[in-house]
2 protein chains.
Amino acid sequence: MIILDGKKTSNDIKNEITEVVQEMKTRGEKVPHLAAVIVGNDGASLTYVGSKVRACERVGFESTMVRMPNTTSETELLREIKKLNDNPEIDGFIVQLPLPKQIDTQKVLMAVDPDKDVDGFHPTNFGRMALDMSTFIPATPFGILELMDRYNVDTQGKHTVVIGRSHIVGRPMSILMGRKGFPGNSTVTLTHSHTKNITQITSQADIIITALGVPGFLKAEMVKDDVVVIDVGITRVPDESRERGYYITGDVDFENVSKKASHITPVPGGVGPMTIAMLLKNTLLARERHLAANR
Amino acid sequence: MIILDGKKTSNDIKNEITEVVQEMKTRGEKVPHLAAVIVGNDGASLTYVGSKVRACERVGFESTMVRMPNTTSETELLREIKKLNDNPEIDGFIVQLPLPKQIDTQKVLMAVDPDKDVDGFHPTNFGRMALDMSTFIPATPFGILELMDRYNVDTQGKHTVVIGRSHIVGRPMSILMGRKGFPGNSTVTLTHSHTKNITQITSQADIIITALGVPGFLKAEMVKDDVVVIDVGITRVPDESRERGYYITGDVDFENVSKKASHITPVPGGVGPMTIAMLLKNTLLARERHLAANR
């Protein structure tokens, strides 16, 4: 059984990006610049954005954090987004979700210039992905592909079962695994809350990608031998014995499923750390595309 | 066994659209206007575009056919598309495929204003579809949904197997059948050329949508009792005994599969006739949206 080590892999990727940035500096080029917009004071959101800014520093990117108060109106946020779209110094930016209730999230995501949409949430980028065109793949699915790629997980002709149809993980994963190329060319089944006989389906799977947010959902009796298991579920379980007051767990009964699996991601330390690494990779890609477009 | 009669259903839809157009005229409103661009002299393409223009006339739409020579350059075609984008008289338009080799099809489809893209081929519209936003659904998938809707085919919690991952049928169908709502909420498996054990998969399906173009591919021993079968494969088989010199057949061994099926589409007369009806429906939708936007 092989552990798909997201912590190590994301570090490898960050080191590779650092090298590329060094070369850019040596050539006298402008380095990639990521901006993050955060509205309000949500603790988890501030933590996430903080990690993204620190990751930028680590690889040598420039970064800008735009903080706006919880009372920000939709118009004010759209104006800020327009400024970022128009600012040639910024290669890519993200708008941290969730947004306060007075703001229409869909409208905001639609306002981001697709060429700077390093989260890959704009419909144009999502459509480009589904139509096999070059695009920004959302960071979590992109991270899963990268993990599979680096560990040479064979996907072609395999039966991949995706659990959960969210816009940011399940739906894009189901599309990506069935595309031509590698990783891809899987027969893909997308399951969700209306799926009957989930065990019948998972027990046929060569690869299972679960993004449900239900701790311990996937049990050993639901999988066949030598299955590849990617656990995208992240749940904080309250635990007073820990300093933080909680621990992090995934959708998979790791102890028992890992005994049957050929490859498995741990939680924490699997898909999670890959996400920020892939956001950096998308930002680098945005920089390279802008450079190519201006040549 | 119920035949999903696309010919009758498409006629019903055309009659409904005719009524709506009559009401528009009564109110003194501009009627929907579809334009079709055709480059070159391909016989099949001319036939298709001709049918689309005639269908417009039948329901009371205005239509414009833009014919360009086979030697048209990409720049010339893009200029024509810009004119159609900018022309407020045109509600929607299509560019008939295939295009001559000197023209980059992707570039052309990307140039169509998504608000006038009644074929639903623009990545922005495809992405909107995948993200459950309002959009133009490509005509063939839209026609399949409409047929299922009108015949009350139950899709929720059913296992739908889609055969073929083309951008215009298989991929969008796989997304649409798994979306929230009706028809939708299916567990969806997308199969393709790399799929192993296709019979094992189809024999578990409650609904099979096949878009392969291989005559007689789906046989009775590959399906279970009471399956719903949607046949999108259309192949012209040469036959000198017929006046046209060919006959049309689908992917399904209709004679034998129909004995096990609860619902099945014939070929011809199933999905085919629905496609033009849904193109009209998208054009009507475009007109209504433009009207709403200008109010």
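**Entry 1: the nonpolar core**

I looked up the largest nonpolar core in this predicted model, and it has 159 residues. I noted that such a core is a set of buried Ala, Val, Leu, Ile, Met, Phe, Trp, Tyr and Cys residues joined through C-beta atoms within 7 Å. A residue is buried if 20 or more other C-beta atoms lie within 10 Å of its own, exposed if 12 or fewer, and partly exposed in between, with C-beta atoms placed from the backbone. The residues with the most contacts inside this core are A:I208, A:I209 and B:I208.

I then listed the contacts of B:I208, leaving aside its neighbours within four places in sequence. They are B:V161, B:I163, B:T202, B:L218, B:V223, B:V227, B:V229 and B:I230. A contact here requires C-beta atoms, placed from the backbone, within 7 Å.

**Entry 2: reading the model**

I wrote down that residues are numbered from 1 along each chain as its sequence is written, with chains lettered from A and ligands numbered from 1 in the order in which they are written. The model is predicted, and local features need pLDDT of at least 70, side-chain atom pairs count only at pLDDT 80 or more, and totals for chains, interfaces and linings use all residues.

**Entry 3: the two chains**

I checked how chain B can be laid on chain A: a turn of 180 degrees and a shift of 0.0 Å along the axis give an RMSD of 0.0 Å. The superposition is by least squares on the C-alpha atoms of residues with pLDDT of at least 70 in both copies. The two copies are therefore related as by a two-fold rotation axis. The same surface serves both, as 100% of the contact residues of chain B recur in chain A.

**Entry 4: where the chains touch**

I found that chain B gives 27 residues to the contact and chain A gives 27. On the side of chain B, the elements giving two or more residues are α5 (123-130), α7 (170-178) and β6 (187-191). Helices (H or I, at least four residues) and strands (E, at least two) are DSSP runs, numbered from the N terminus. The largest share on this side, 7 residues, comes from α5(B). I sorted the residues of this side into 8 nonpolar, 15 polar and 4 charged. In that count Ala, Val, Leu, Ile, Met, Phe, Trp, Tyr, Cys and Pro are nonpolar, Asp, Glu, Lys and Arg are charged, and the others, Gly among them, are polar.

Next I followed strand β6 (residues 187-191) of chain A, which pairs with β6(B) in the antiparallel sense over 3 bridges. Pairing requires that DSSP finds at least two bridges between the strands. The bridge partner of A:T189 in β6(B) is B:T189.

I also looked at helix α7 (residues 170-178) of chain A, where 9 of its 9 residues are buried. Among them are A:R171, A:M173 and A:L176.

**Entry 5: backbone details**

I found a cis peptide bond from A:L97 to A:P98, with omega near 0 degrees. A:P98 lies in the loop between β4 (92-95) and α4 (105-111) of chain A. In chain B, a cis peptide bond joins B:L97 and B:P98.

B:N152 is not a glycine, yet has a positive phi of about 50 degrees. B:N152 sits in the loop between α6 (139-150) and β5 (159-163) of chain B. I recorded B:N152 as exposed because it has 10 C-beta neighbours inside 10 Å.

Terms used:
Two residues are in contact if their C-beta atoms, placed from the backbone, lie within 7 Å.
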